[in-house]
2 protein chains.
Amino acid sequence: MKEFDLIKIVERLFGNEDVITPAGKHDAAYVKIGNRLVVLTCDTVNEISDFPPYMLPEEMGWMAIAVTLSDIAACGAKPLYFLSSISLKSTEYFEEILKGMKKVADRYGIKIVGGDIDFSEVTTIAGFAIGEAKRHITRKGARGGENVFITDLPGKAQLCLEMLENGAKRDELPYAEKLYTPVPRIEEGMRIARYASSMTDVSDSLAVSLHQISQSSNVKIVIDNIDLSHLSGARKPLELFLYGGGDFELVYTAKSSEDGIRIGRVEKGGGVFAEFNGKTFEVEFRGYSHF
Amino acid sequence: MKEFDLIKIVERLFGNEDVITPAGKHDAAYVKIGNRLVVLTCDTVNEISDFPPYMLPEEMGWMAIAVTLSDIAACGAKPLYFLSSISLKSTEYFEEILKGMKKVADRYGIKIVGGDIDFSEVTTIAGFAIGEAKRHITRKGARGGENVFITDLPGKAQLCLEMLENGAKRDELPYAEKLYTPVPRIEEGMRIARYASSMTDVSDSLAVSLHQISQSSNVKIVIDNIDLSHLSGARKPLELFLYGGGDFELVYTAKSSEDGIRIGRVEKGGGVFAEFNGKTFEVEFRGYSHF
């Protein structure tokens, strides 16, 4: 089974919960607590699937909180609280992992209020974040005539991963910070949520994110002829740009925007297409899969 | 390092967060969202530390949500939402795990609103629960002259684990449901929170829970001469009663109570003691440790 088949099982079992946005429909769930619009999300990283070579323990903690907060950013919400369940082989790096979390939390004024420690043979950090949103923004809402924007051109993390696989050392990577200390786009997300019609984060790939917006909004998305010189070191820049994972940028639709780079347009219809070097082709629904 | 040393690191790094009850001080954190008193907690179970032999995939999901909700119960709060991060070796049992979660969620009217799936060599389920409390109750607040109560006499889960280790089959266990499908004491917790002076859950051991109440409240606790016939199958019933883990009962202090069994009394002073068969001895601070 692929990851998206698993999500279908989740939607079948839990897709009808009486909440504003249930599981599987967006990066985080929207619920009401009192009169507040609250977003809830969790995300897990582990050393098998997620930690690149040369990653320091402090960066494992950093990554765990950053990827979880990226889901909160994709709701344009302000993150408030963070908890984590940490499973370790040994307690040696425990404090370093927490210090990495604290760096990200302090940067955004988030309070770390709880956690849990367990023994495991695979170092695993599950993060849980809770935030408050002013507005309900999801992948649904894009309309023909709008443009597609992203907070930074994707493919950089995947390029670094490829270089590591080909024997590069950490200090030879052009975008090491994208891989080791990704930054959740929290301030950007809060600004973008005021005017964008749809938004999501790019964790699996740009292609997956755009397909999700296209399907949720019933629109056609066309990626324009984007300059890929930021991926000039890659064997296949277009492959990394469309299908590479791990960037944690926000992709969104709006008439205009100064918070991101324009990469395409929204039209009536369906599907995701790209125009590169005068040729138009359909973008596949694929990206990084955990299975 | 022992688990309690790890908690000291957590308290040093995060114990001063400006919230009502920060990490490490209670089973769950208390925070304010709008005008609501909200409790947040997370708990992880994995096949190395937590799943007993013969456990079915559905019971793994059941256990994951039940142990997390036990922390919410220890706040006397009403659980509202649940999310989980599931790390699997293969996707084969994914749906069964979710069905087990759904059984517990449906029983208590909890909405499962999100989750995350990852690959790992060790099946791991991290649960995250959010609830709403009417009152702030923690391990602090016990006073001399009160009594100590528990929702059910402990040691039953540990007795079953011992029997399994000695070659017993699942259908020979006297309290299999305590081990495979533990029930969070949610309704009891909500009732008890109205009148109790302190409360916590017994996950590591009765001894650990009573020491935590004793230290937080600055009181002496004396366990009375309790009938241990529920552990008559054990080699060392008193050891299981005091130091066995995995029961997920609520232990609390109050003048009187009809929601639990009286097991002792609160006095001025400090420390935890027990009177059995006419002898008084000091109860050690130990229980199940993940490391």
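Figure 1. In the hairpin formed by β1(A) and β2(A), where two residues lie between the strands, A:G34 adopts a positive phi near 60 degrees. The model shown here and in the other views is predicted. The strands β1(A) and β2(A) are paired in the antiparallel sense through five bridges, and within this pairing A:Y30 is found opposite A:V39 of β2(A). β2(A) is also joined to β5(A), again in an antiparallel arrangement, by 10 bridges, with A:T44 placed opposite A:A126 of β5(A). Of the 11 residues of β2(A), nine are buried, so this strand is largely enclosed by the rest of the structure.

**Figure 2. The contact between chain A and chain B.** To this contact chain A contributes 54 residues and chain B contributes 55 residues. On the side of chain A that touches chain B, at least two residues each come from α1 (3-14), β1 (29-33), β2 (36-46), β3 (78-88), α3 (94-108), β4 (111-119) and β5 (124-133) of chain A. Among these elements, β4(A) gives the most, with nine residues. Sorted by class, the residues that chain A presents to chain B comprise 30 nonpolar, 14 polar and 10 charged.

**Figure 3. The two domains of chain A and the contact between them.** According to the domain assignment, chain A consists of domain 1 (3-133) and domain 2 (147-282), and the centres of these two domains, taken over C-alpha atoms, are separated by 22 Å. Their contact draws 19 residues from domain 1 of chain A and 21 residues from domain 2 of chain A. On the domain 1 side, α2 (57-73) and β3 of chain A each supply at least two residues, and α2(A) gives the most, with nine residues. The side of domain 1 that touches domain 2 in chain A is made up, by class, of 13 nonpolar, two polar and four charged residues.

**Figure 4. Helix α4(A) and its surroundings.** Seven of the 10 residues of helix α4 (residues 156-165) of chain A are buried, so the helix is largely enclosed by the rest of the structure. These buried residues are A:K156, A:A157, A:Q158, A:L159, A:C160, A:L161 and A:M163, and the elements against which they pack are α5 (176-180) and α8 (237-243) of chain A. Just after α4(A), A:G167 takes a positive phi of about 100 degrees.

Methods
Residues are numbered from 1 along each chain as its sequence is written. Chains are lettered from A and ligands numbered from 1 in the order in which they are written. This is a predicted model: local features need pLDDT of at least 70, side-chain atom pairs count only at pLDDT 80 or more; totals for chains, interfaces and linings use all residues. Two residues are in contact if their C-beta atoms, placed from the backbone, lie within 7 Å. Helices (H or I, at least four residues) and strands (E, at least two) are DSSP runs, numbered from the N terminus. Ala, Val, Leu, Ile, Met, Phe, Trp, Tyr, Cys and Pro count as nonpolar, Asp, Glu, Lys and Arg as charged, and the others, Gly among them, as polar. Domain bounds come from an automatic or database domain assignment. A residue is buried if 20 or more other C-beta atoms lie within 10 Å of its own, exposed if 12 or fewer, and partly exposed in between; C-beta atoms are placed from the backbone. Two strands pair if DSSP finds at least two bridges between them.
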